[in-house]
Amino acid sequence: VLALDLFVVGTAIVLAGLRSLDRPLVIGLELAAAAIAWVVLSSRVGLYVSRRTASLLAEVWLLAQVVLLVAGVVLVVHTGAQEPIPMLLGWLLGLGLGGTAGLRLFVRPLLRALRRRGINTRNYLFIGRGESAHRMAASILRRRDFGIHIVGELAFSGEESAINQSSGSV
């Protein structure tokens, strides 16, 4: 997804500065600065960590933060290069955020469908028992699209089991 995001943001930068295509050095500097800023900022906000249980809205909020900051970096490079033609900032923000959020609208349902079929899954082993483990296990078992399989539990003797035997307890 990182490569697709960089492609979308790079395309947005080129389209936002269409009038300055005769100055390839400026476009190159803008693209390089945007790529570096994107990688650093997305890593900083945790954009590419597993989002199995997070909402799309939460992810779009992170995208909006990164796109806005990257647009600021591109604008600084654009004005620092003494580019006389103004950049179309609305295009940059709209295409950048719209394109990256649009990718998520496609990728998220695809990943959830694959997880329901047993592809791209993770195995969980519960350590400990009790009410909170019971609630978490029940929540995970209700949502097959998270792609999380409970393989068992480890606990002290005498504690009540938090996971049904039918779910794969050890």
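This is a predicted model: local features need pLDDT of at least 70, side-chain atom pairs count only at pLDDT 80 or more; totals for chains, interfaces and linings use all residues.

Biologist: Is Arg-115 buried or exposed?

Modeller: A residue is buried under 20% relative accessible area, exposed over 50% and partly exposed in between (1.4 Å probe, protein chains only). Arg-115 is buried, because its relative accessible area is 11%.

Biologist: Which residues is Arg-115 in contact with, leaving aside its neighbours within four places in sequence?

Modeller: Contact means heavy atoms within 4.5 Å. For Arg-115 the partners are Arg-52, Asn-120, Thr-121, Arg-144, Asp-145, Phe-146 and Gly-147.

Biologist: How many salt bridges does a search of the whole structure find?

Modeller: A salt bridge is a side-chain nitrogen of Lys or Arg within 4 Å of a carboxyl oxygen of Asp or Glu. The search finds 3. One of them joins Arg-104 to Asp-5, at 2.7 Å from N to O. Asp-5 lies in helix H1 (residues 2-16) and Arg-104 in helix H4, so this pair ties together parts 99 residues apart in sequence. Both of these residues are buried; for Arg-104 the relative accessible area is 4%.

Biologist: Which side chains does Glu-59 meet in salt bridges?

Modeller: Glu-59 meets the side chain of Arg-104 at 2.9 Å, N to O. That pair links distant parts of the chain, with Glu-59 in helix H3 and Arg-104 in helix H4, 45 residues apart. Glu-59 also forms a salt bridge with Arg-108, whose closest N and O atoms are 2.7 Å apart. Here the link again runs from H3 to H4, across 49 residues. Glu-59 counts as buried because its relative accessibility is 7%, and Arg-108 is buried at 14%. Through shared partners, the salt bridges join Asp-5, Glu-59, Arg-104 and Arg-108 into one network.

Biologist: Where is Val-74 placed, and what is its relative accessible area?

Modeller: Val-74 is in helix H3 and is buried, at 0%.

Biologist: In which sense do strands S1 and S2 pair?

Modeller: Two strands pair if DSSP finds at least two bridges between them. S1 (residues 122-127) and S2 (residues 148-154) have 6 bridges and pair in the parallel sense. Among these, Leu-125 has Gly-152 of S2 as its bridge partner. From S1 the chain passes through helix H5 (residues 131-142) to S2 in a right-handed β-α-β crossover: with the strands pointing away from the viewer, the path from the first strand over the helix to the second runs clockwise.

Biologist: Finally, where does Tyr-48 lie?

Modeller: Tyr-48 is in the loop between helix H2 (24-45) and helix H3 (56-80). With a relative accessible area of 33%, Tyr-48 is partly exposed.

Technical notes. Residues are numbered from 1 along each chain as its sequence is written. Side-chain values use heavy atoms; hydrogens and water are left out. Helices (H or I, at least four residues) and strands (E, at least two) are DSSP runs, numbered from the N terminus.
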